Amino acid sequence: MYVVLALIVGALYTAGLYLMFRRSLVKFLFGLVLLGHAANLLLFVVGGLVRASPPIARLGAEAPDAGSADPVPQALVLTAIVIGFAVVAFTAVLVRQVYRVTGTDDVDELREDP
């Protein structure tokens, strides 16, 4: 299972970087989204996958039972989702404004020749 998830994370990183190196700002935005998803999935995989064992401590116990899921990667991914959404929304507004002002989203056409 870990090998399949590692391959998916690698494919997401590869596709995200490929899109970010394209000349279109819209493709850059989609690449940014893919990189965010790859990072979130990577955090989940590194944190370890435990099935049907939530990190809930019993009444009077100081910590959850051994073998339960680690809550830290889950909290990190939840935070990363919120921050990633904010970054994507901000970038989308910037891309839209660049297109409205210049009439293009091609990075090479945005350069001003002296």
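First, keep in mind that the model is predicted. The protein has a mean pLDDT of 89, and 97% of its residues get to 70 or more.

| Element | Residues | Mean pLDDT |
|---|---|---|
| Helix 1 (highest confidence) | residues 2–20 | 95 |
| Helix 4 (lowest confidence) | residues 107–110 | 84 |

Now for the packing. Two packed helices are described by the angle between their axes and the distance between the axes. For helix 1 and helix 2, the angle is about 160 degrees and the axes lie 7 Å apart. Angles over 145 degrees count as roughly antiparallel, so helix 1 is roughly antiparallel to helix 2. What kinds of residues make up the contact of helix 1 with helix 2? There are 20 nonpolar residues, three polar ones and one charged one. As for handedness, helix 1 passes helix 2 in a left-handed crossing.

Next, the largest pocket, which has a volume of about 260 Å³. It is lined by 13 residues, and the closest to its centre are Gly36, Ala80, Ile81, Gly84 and Phe85. Helix 2 (25–47) and helix 3 (71–102) each give at least two residues to the lining. Which helix supplies the largest share of that lining? That's helix 3, with seven residues. Sorted by class, the lining of the largest pocket holds nine nonpolar residues, four polar ones and no charged ones.

How values were computed. Residues are numbered from 1 along each chain as its sequence is written. This is a predicted model: local features need pLDDT of at least 70, side-chain atom pairs count only at pLDDT 80 or more; totals for chains, interfaces and linings use all residues. Side-chain values use heavy atoms; hydrogens and water are left out. On a 1 Å grid over the protein atoms alone, a cavity is a set of points where a 1.4 Å probe fits but cannot get out, and a pocket is an open set with protein on both sides within 12 Å along at least five of seven lines; lining residues have an atom within 4 Å of a point. Grid points are joined across faces, edges and corners, and a volume is the space filled by probe spheres set on the points. Helices (H or I, at least four residues) and strands (E, at least two) are DSSP runs, numbered from the N terminus. Ala, Val, Leu, Ile, Met, Phe, Trp, Tyr, Cys and Pro count as nonpolar, Asp, Glu, Lys and Arg as charged, and the others, Gly among them, as polar. pLDDT is the predictor's confidence in each residue, from 0 to 100. Axes are lines fitted to C-alpha atoms, for helices over the stretch in contact, and angles run from 0 to 180 degrees between N-to-C directions. Angles under 35 degrees count as roughly parallel, over 145 as roughly antiparallel, 65 to 115 as roughly perpendicular and the rest as oblique. A crossing is left-handed if the near helix is turned anticlockwise from the far one by less than a right angle, and right-handed if clockwise.
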